[in-house]
Amino acid sequence: MIASRRFSNPVNNIIGILYLIGFALAIWVAVYAFKRYAKPANIRLTGHNIKWIVYLWLGFFVIEVALGNLNRLIYHVSQTSNNEVIQRLMTTSNLTLILMAFTAVFLFTYPGGISFPWLFNWRVF
């Protein structure tokens, strides 16, 4: 809705604020449910675990590059239609870019527990 520019800036700002409130509410519900029903083990995050995280992260990028090259060889396109849509959304509205970046930060740091070690009872180092 925001990226389509059908509404004025104040209405888009209100929609963005409602989006963030809804996102915060979803996080709160997830934390509440996790703390109430899950019994997480007390896990120590070691250097070995961090090495595996880095290896898998690098492996992800290697696979992404390989699949991109395969996509270019087979279908003769430089990017996927999904990437084209994301690029168009990011360039049409600054508010969309800000909201997507904010959401991505919380989606990728929150479930991992590194930003919130108290959630999983992890002792970092």
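**Entry: W52 and the model**

I began with W52, which counts as partly exposed at 46% relative accessibility. My cut-offs are buried under 20% relative accessible area, exposed over 50%, and partly exposed in between, with a 1.4 Å probe and protein chains only. I am reading a predicted model, where local features need pLDDT of at least 70, side-chain atom pairs count only at pLDDT 80 or more, and totals for chains, interfaces and linings use all residues. I number residues from 1 along each chain as its sequence is written, and side-chain values use heavy atoms, with hydrogens and water left out.

**Entry: confidence**

I checked pLDDT, the predictor's confidence in each residue from 0 to 100. The protein chain averages 77, and 78% of its residues score at least 70. Residues 111–115 fall below 50, yet this stretch has nine contacts in the model beyond near neighbours in sequence. I take a contact as heavy atoms within 4.5 Å. Where pLDDT is low, the predicted coordinates should not be read in detail.

**Entry: the whole chain**

I then listed the secondary structure. The protein chain has five helices and two strands. From the N terminus, their order is α-β-α-α-α-α-β. Helices (H or I, at least four residues) and strands (E, at least two) are DSSP runs, numbered from the N terminus.

How much of the protein chain is buried? Buried residues make up 14% of its 125 residues. I put its accessible surface at about 9800 Å², with 71% of that belonging to carbon and sulfur atoms. The areas come from the Shrake-Rupley method with a 1.4 Å probe; for residues, only the protein chains shown count as cover. Of the contacts with a separation of 6 or more, 60% are between residues 24 or more positions apart.

**Entry: helix α1**

I followed α1 through residues 9–37. Its 29 residues reach 42 Å from the first C-alpha to the last, close to the 42 Å expected. The expected span is 1.5 Å times one less than the number of residues. I found N12, I15, G16, F23 and V31 buried in this helix.

A24 also lies in α1. It counts as partly exposed because its relative accessibility is 43%. I checked A24 against T103: they are 79 residues apart along the chain, and their C-alpha atoms are separated by 10.0 Å.

**Entry: aromatic pairs**

A pair of aromatic rings is described by the distance of the centres and the angle of the planes. I pair rings of Phe, Tyr and Trp (its six-membered ring) if their centres lie within 6.5 Å; planes under 30 degrees apart are stacked, over 60 edge-to-face, and the rest tilted.

The structure holds five aromatic pairs. W28 and Y32 form a stacked one, at 5.7 Å centre to centre with 15° between the planes. Why are W28 and Y32 about one helical turn apart? They sit four residues apart in helix α1. I read W28 as exposed at 54%, whereas Y32 is partly exposed at 45%.

W52 and Y55 have ring centres 6.2 Å apart and planes at 80°, so I log this pair as edge-to-face. They are three residues apart in helix α2, which puts about one helical turn between them. Y55 is exposed, with a relative accessible area of 51%. I also noted W57, F60 and F61, which form one aromatic cluster.

**Entry: helix α2 and its end**

I tested the span of α2.

N71 is found in α2, residues 47–75. Is N71 buried or exposed? It is buried, with a relative accessible area of 17%. Not counting residues up to four places away in sequence, N71 touches H76, V77, Q79 and T80.

I moved on to H76, which follows α2. Its phi is near 60°, a positive value in a residue other than glycine. H76 lies in the loop between α2 and α3, the latter spanning 81–92. I marked H76 as exposed because its relative accessible area is 67%.
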